[in-house]
Amino acid sequence: MRMLAFASRNRKELTRDPLTLLFGVGFPVVLLILMTIINNSVSAATGVADTTPQFQMDNLMPGMMVFGLSFLSLFGGMLIAGDRDNSFLMRLFSSPLSAWDYIAGYALPIFLVALAQSIICIGVGVALGATLSWRLLLALVAVLPAAFLYVGFGLLLGSVFSYRQVGGVSSILINLAAWMSGTWFQLELIGGGFKAVCNILPFANAVDLVRKAFSGSGDVLANLLITLAWASVIFVLATVVFKKKMKQ
Amino acid sequence: MEAIEIRGLTKSYKTRLAVDDLNLTVHDGEFFALLGQNGAGKTTTIKMLCCLAVPTSGDALLYGDSIRDNENAVKQKCNVSPQETAVAAKLNVRENLELMGQIYGLSKHDAKRRATELMTDLSLLDRQKDKAKSLSGGMQRRLSIALALISDPKILFLDEPTVGLDVRARRELWNCIRALKGRVTVVLTTHYMEEAEALCDRIAIMHEGKLRAVGTLDELKEQTGLNSLEDIFLNLTDAEVEL
């Protein structure tokens, strides 16, 4: 009950922020539309249908589902850091809320925004030419570990950094997620050590997991385990740091 | 039973002793001021009493419950209005109050009823639909106090309740605080002499973490032989003075 009341407050704070709507929902949709237009223009100009396969909607939409989630770490981090900066958390810490109430109360609404964002991406993707099949549901399930990961990043950033710092640090994370996920270019184009590092980190694995779940091709187990492992580590780390801050 | 019994309360950080062996009693229903300049240890004392900071040594009993051994019982008995307004900016006045009520275990219905009572008491009813961030500084302070009262605490801690407010807003807030007399024990920190004089039954003067004096204004005058609280404060907090 207490946790749900707190989660409800956080949902309102998130959804009443125009930044959340603009970047959380609007930006991925705009990028999907923009990339489709660019891809079509390039194809028309060159006469080749598949000049940039990662921008084919069946590839781009899963990538965008995951990339869009990276913005949630920014929103979640700003919410928590803001509560710390203006002493709202100090007021709450003097209440009977438990550490679990805080973590779940912050994570739950961010998770719900993540789900809504993924569903909107799927809807727009289908409207722009993604294959309409039951595998879209699998893609939605496959995006959950990535949602878990970025919710964890949000909790961690908000617990460690101040409101002003969170924006800068999150933009680094968002850039890492963009460059190392294989959403915008094929990692094979660079290859070598870069690709090896990308394969260890969660960003490309999370995208590959959703792409494979949607296309039905390839083994997802390694992608799933790596993404879940990172998500668990980040989430546990965030919980430990948050609890430590509570004691301070 | 005494509202607060502080016994040898001490808080030290790596390089600084914030509160040094504080011994103090606050009576039931009393309005009590902790007066001191910035860094005197007032806020740290309040944080320890609200279980927001763990004492390095010593203990305090709030209506018989130890801040060390019975944190949950203490948290149910007291509430705090922090130095910053500490409101949920994008929630309106009513939503802020209902949220805090539910966090303290009230049902939705009871939280709604209690929110209406407090908005009436603190003249916030006509602003109930306004987002907290749109309120003036004085209104936000009133909301902050209302949020602290939603749990119907036995002890209310007000940390620098009027800092940064203009004269009119300060006087209005004083009236709100005075109206609490008889309903709750109030401990407020301030560095405004006139605030302590206007609102409080007894005053404790802190300096560099130590308690320099405690008593009614008349008692403090008698103890020091001085006629104004300002003179008493300056005399007791002079760096050369060692009691």
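Mentor: Putting chain B and chain A together buries about 2400 Å², where buried area means the accessible area (1.4 Å probe) that two parts lose on being put together, summed over both. Carbon and sulfur atoms give 59% of that area. Leu52(B), Lys90(B) and Ile103(B) supply 26% of what chain B buries against chain A, more than any other three residues. In the contact (heavy atoms within 4.5 Å), chain B takes part with 32 residues and chain A with 22 residues.

A word on ground rules: this is a predicted model, in which local features need pLDDT of at least 70 and side-chain atom pairs count only at pLDDT 80 or more, while totals for chains, interfaces and linings use all residues. Residues are numbered from 1 along each chain as its sequence is written, chains are lettered from A and ligands numbered from 1 in the order in which they are written, and side-chain values use heavy atoms, with hydrogens and water left out.

Three salt bridges link chain B and chain A; the term stands for a side-chain nitrogen of Lys or Arg within 4 Å of a carboxyl oxygen of Asp or Glu. Over all chains, the structure holds 23 salt bridges. One to look up is Glu13(A) with Lys90(B), whose closest N and O atoms are 3.9 Å apart. This pair crosses between chains, running from helix 1 (residues 2-15) of chain A to the loop between strand 6 and helix 3 of chain B. Side chains of opposite charge can pair when their charged atoms come close.

There are also 14 residue pairs in polar contact between chain B and chain A, both residues at pLDDT 80 or more. A polar contact is a pair of N or O atoms within 3.5 Å; within protein, one must be able to donate a hydrogen and the other to accept it, and residues adjacent in sequence count only if both atoms are side-chain atoms. On chain B, helix 2 (71-77), strand 6 (78-81), helix 3 (93-103) and helix 5 (137-149) each supply at least two residues of the side that touches chain A. Helix 3 of chain B gives the most, with six residues. Helices (H or I, at least four residues) and strands (E, at least two) are DSSP runs, numbered from the N terminus.

Strand 6 takes us into the sheets. Chain B has an open, mixed sheet of six strands in the order 6-7-8-3-9-10; two strands pair if DSSP finds at least two bridges between them. Strand 6 and strand 10 (210-215) of chain B are the edges, each with a single partner strand, so one side of each has no neighbour in the sheet. Strand 6 of chain B pairs with strand 7 (residues 155-159) of chain B in the parallel sense over four bridges, and Asn79(B) stands opposite Leu156(B) there. Helix 8 (residues 217-224) of chain B packs on this sheet, touching strand 9 (202-207) and strand 10, and its direction makes about 115° with that of strand 10 of chain B. For such angles, axes are lines fitted to C-alpha atoms, for helices over the stretch in contact, and angles run from 0 to 180 degrees between N-to-C directions.

Chain B also has an open antiparallel sheet of four strands, in the order 2-1-4-5. Here strand 2 and strand 5 (65-66) of chain B are the edges, each with a single partner strand, so one side of each lacks a neighbour in the sheet. Strand 1 (residues 4-12) and strand 2 (residues 17-26) of chain B run antiparallel, joined by six bridges.
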